[in-house]
Amino acid sequence: MRTARFALDPAFTIGEVNPRLFGSFVEHLGRCVYTGIFEPGHPAADSEGLRTDVLELVRELGVTAVRYPGGNFVSGYNWEDSVGPAEERPRRLDLAWRSTESNRFGLGEYIGFLKKIGPQAEPMMAVNLGTRGVAEALALQEYANHPSGTARSDLRIAHGDKDPFGIRLWCLGNEMDGPWQTGHKTAEEYGRLAAETARAMRQIDPDLELVACGSSGQGMPTFAEWEATVLAETYDLVDHISLHAYYEETDGDRDSFLASAVDTESFIENVVATCDHVGARLKSTKRINLSFDEWNVWYQSRPDPHPVEDWQEAPRLLEDVYSVTDAVVFGSLLIALLRHADRVTVACLAQLVNVIAPIMTEPGGPAWRQTTFHPFAQASAYGRGQVLDVRVDSPRYPTRKYGEADLLHATAVRAEDGSVSVFAVNRSQTEPLPLEVALNRMGLTTVVEHSALADADPDAANTLHDQERVTPHPVEGTTLRGGTLSAVLEPLSWNVIRLA
Ligand code: AHR
């Protein structure tokens, strides 16, 4: 196999990684909340019913912004149902997931959960622009953020939350371009509603950061036109536009699946182009950033292994079990986000627990790490700093969906102390990939660690009965001599090479 190469130089950077790039997502869907993060009576539950075993894993994952409460769920959400004494809260139909919502866990519990994760966790709250509108968004904002002295802020205090929640980052609805969305709208309808909501929310607090809904996928028929229309209405009123993307292997076409990040990168670049086109039309110097607030591998076309009846409470939904192959694609999606850190300033892994998640739990039982847990935890731990401009010269391979794709997908992040972490994926299913990196003026002398996630069985996964089947392992033989890093990337592998 020909050697893949790239060069690093401290003068050539993409941008600073916003910690919010390592965000996640908690939706009232399946068992993400109930028996996921919240399970009163569980042996590991604290006095608030939060599972401390899950909290520990969430901290280890290094999650920052946590989007809540949906997702499709938010388009039927009455925030008022989720506050006040838990036993008095109404049970409601959740139309999005055809489940029953008990509201035992609500807004205050979500803020309490974030506090227990630690200071790195930040709320990212979505308002319902499906079945509701400006007035309800304002009421929620006043309840959550106003210090005191009004009916709604005093109600929060009466509910036991003296301090305002200080929610700075807000999503104006969810996937409003999707016909599946309760209250689905045209781009014109949504653009107007988002603009009016943003304007009103800023009347309370001009410093909020607002995310307008972009497309729920690059393949949507309205893609790009949707963004252009929505931004024409909201350009001066919002800070971010959202992107959502999920990938899965279809028809046994693993080669294309492994190159999924080709789509992610083109999606990002197309949205950036659209934002900047609208900015140019408006003669604006302002730049809209990207909130990639749902991304993951998701086997949407596989029949659900746990068929459930309608209107169950916390049914087993979307409980995908991730293989090594999935983790390699997942790592490549992380690389795509990092490679665009100049414009992708928020990203949320969808979701956090049980529902297409890096963390799994059993009710009354253990919590464990899926294969995808590891790339996220490593990128969050070592991917903070300046992203360096990585232009690879790589052997290529044919894919059905994306034509010729590079076998190597890589990025590198330089921390404040000058140390560098290289994140790299070898997409070859059969061949090791030799890699050489020229380290120009980087002042690097030592390989601290080369860790890889790979397995002789590409379908190996972690399960309840084999929770540690797949974990990253150290790779021997990686060297740094005469300013050149040399490594060999195992077939179908996610790699982290740390240099000091
Ligand atoms: O994350 C699962 C679902 O995917 C979300 O509720 C929705 O926004 C998207 O379609």
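Student: How many salt bridges does the rule find across the interface of domain 1 and domain 2?
Tutor: Three. Keep in mind that this is a predicted model.

Student: Okay, and which residues make up each domain?
Tutor: The domain assignment gives domain 1 as 4–10 plus 389–499, and domain 2 as 18–382. Their centres, taken over C-alpha atoms, are 30 Å apart. Domain 1 puts 42 residues into the contact and domain 2 puts in 40.

Student: What area is buried between domain 1 and domain 2?
Tutor: About 3400 Å², with carbon and sulfur atoms giving 61% of that. On the domain 1 side, Y402, H409 and W494 lose the most area to domain 2; together they account for 19% of what that side buries.

Student: And how many residue pairs are in polar contact between domain 1 and domain 2?
Tutor: The count is 18 residue pairs. As for where domain 1's side comes from, β17, β19, β20, β22 and β26 each give two or more residues. The largest share is from β20, with five residues. By type, that side of domain 1 splits into 21 nonpolar, twelve polar and nine charged residues.

Student: Switching topic. What does R254 pair with in a salt bridge?
Tutor: Its side chain meets that of D459, at 2.9 Å from N to O.

Student: Now helix α1. Which of its residues are buried?
Tutor: D53, V54, L55, L57, V58 and L61, in a helix that covers residues 52–61. Those buried residues pack against α2, β14, β15 and α10. After α1 comes G62, which has a positive phi near 75°.

Student: You mentioned β15. What is A367 in contact with, leaving aside its neighbours within four places in sequence?
Tutor: R51, D53, V54, L57, M360, T361 and Q467.

Student: Is A367 buried or exposed?
Tutor: Buried, because its relative accessibility is 18% and the cut-off is under 20%.

Student: What about T234, where is that?
Tutor: T234 lies in helix α6, residues 225–234. Its relative accessibility is 0%, so T234 counts as buried. A polar atom of the T234 side chain is 2.8 Å from the backbone oxygen of V230. Apart from neighbours within four places in sequence, T234 is in contact with G191, A194, A195 and A212.

Student: Last one: is L318 buried or exposed?
Tutor: L318 is buried, with a relative accessible area of 12%. R98 is partly exposed, at 42%.

Terms used:
Residues are numbered from 1 along each chain as its sequence is written. This is a predicted model: local features need pLDDT of at least 70, side-chain atom pairs count only at pLDDT 80 or more; totals for chains, interfaces and linings use all residues. Side-chain values use heavy atoms; hydrogens and water are left out. Domain bounds come from an automatic or database domain assignment. Contact means heavy atoms within 4.5 Å. Buried area is the accessible area (1.4 Å probe) that two parts lose on being put together, summed over both. A salt bridge is a side-chain nitrogen of Lys or Arg within 4 Å of a carboxyl oxygen of Asp or Glu. A polar contact is a pair of N or O atoms within 3.5 Å; within protein, one must be able to donate a hydrogen and the other to accept it, and residues adjacent in sequence count only if both atoms are side-chain atoms. Helices (H or I, at least four residues) and strands (E, at least two) are DSSP runs, numbered from the N terminus. Ala, Val, Leu, Ile, Met, Phe, Trp, Tyr, Cys and Pro count as nonpolar, Asp, Glu, Lys and Arg as charged, and the others, Gly among them, as polar. Buried means under 20% relative accessible area, exposed over 50%, partly exposed in between (1.4 Å probe, protein chains only).
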